[in-house]
Amino acid sequence: MRKIYANATSALDGLLFDGMHLCVGGFGLCGIPERLIDALQDAGVKDLTIASNNAGIDNEGLGKLLRSKQVKKMISSYVGENKEFERQYLSGELEVEFCPQGTLAERCRAGGAGIPGFYTKTGVGTQVADGKEIKRFDGPNGPEDFILERGIFADLCLIKGWKADKAGNLMFRKTARNFNAPMATAGKICVAEVEEIVEVGDLDPDAIHLPSIYVKRLICGAPYDKKIEFRMIREGKRV
């Protein structure tokens, strides 16, 4: 089965449609599938629901899709420094489902594992719990309330890795592992971009973070420019 594609456009061919749900990896500007996001923007699909830790920054990462008004809803844990994300949310142009970071990662992991929901104490007594089922369980300190969170399963997962072999076994690097790994399993199809593709057998089996069975399509997106969210010019100042 063909797994390696020449570029992001060909890797997404036949997979995109309006109103689809996506899981997109990344943490800030670290480990974002930027080539695939660019191809998504060029395709012009709209009314997208995207689960991702954040939406990058203005005009970088998923911020590009916000600028082009292709996103209908974000399921995120952090608005951060993205002013367009903030503006669209406050003006009612964008639906946002805020979700604690750990809960978001677990919702994607659960979806990929076929688990429709789980109970967590995170968010009890806050707006996060509004409209959700609450159940009491016995704990070390006696009965405690927990809220039901639903697993996330998407039409398509877009992730960024560090290295992959030609079979699609994949390694992440440092912070990029936070959300790429759980989101890779949480959809019908996972498309990955990496910085380097090596021969089968070149990767230490103990160092593989994502088995090839999850990766349906793969591209090498190199070379990459290292994006910096805040450039420090002297202590206490940023531009």
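The stops below go through loops, strands and a surface patch. Keep in mind that this is a predicted model.

**Stop 1: Asp47.** Start by selecting Asp47, in the loop between α2 (34–43) and β2 (48–51). Check its backbone: phi is positive, about 55 degrees, although Asp47 is not a glycine.

**Stop 2: a nonpolar patch.** Now pick Tyr89, Leu90 and Phe98, which make a nonpolar surface patch of about 310 Å². Phe98 belongs to strand β4 (residues 95–98). With 37% relative accessibility, Phe98 counts as partly exposed.

**Stop 3: strands around β7.** Select residues 142–150, strand β7, together with strand β5 (residues 117–120): the two run antiparallel and are joined by four bridges. Look for Phe118 opposite Glu149 in β7. A hairpin of two residues links β6 to β7, and Gly139 stands opposite Gly142 in β7.

**Stop 4: Lys174.** Move on to the loop between β10 (170–171) and α6 (177–184), where you'll find Lys174. Its phi is positive at about 55 degrees, and Lys174 is not a glycine either. Is Lys174 buried or exposed? At 65% relative accessibility, Lys174 counts as exposed.

**Stop 5: a cis peptide.** Finish at Ala222 and Pro223, joined by a cis peptide bond with omega at about 5 degrees. Pro223 is in the loop between β13 (217–220) and β14 (232–234).

Note on methods: Residues are numbered from 1 along each chain as its sequence is written. This is a predicted model: local features need pLDDT of at least 70, side-chain atom pairs count only at pLDDT 80 or more; totals for chains, interfaces and linings use all residues. Side-chain values use heavy atoms; hydrogens and water are left out. Patches are made of residues with over 30% relative accessible area and no salt bridge: like charges are joined within 9 Å, nonpolar side chains (Val, Leu, Ile, Met, Phe, Trp, Tyr) within 5 Å. Accessible areas come from the Shrake-Rupley method with a 1.4 Å probe; for residues, only the protein chains shown count as cover. A salt bridge is a side-chain nitrogen of Lys or Arg within 4 Å of a carboxyl oxygen of Asp or Glu. Buried means under 20% relative accessible area, exposed over 50%, partly exposed in between (1.4 Å probe, protein chains only). Two strands pair if DSSP finds at least two bridges between them.
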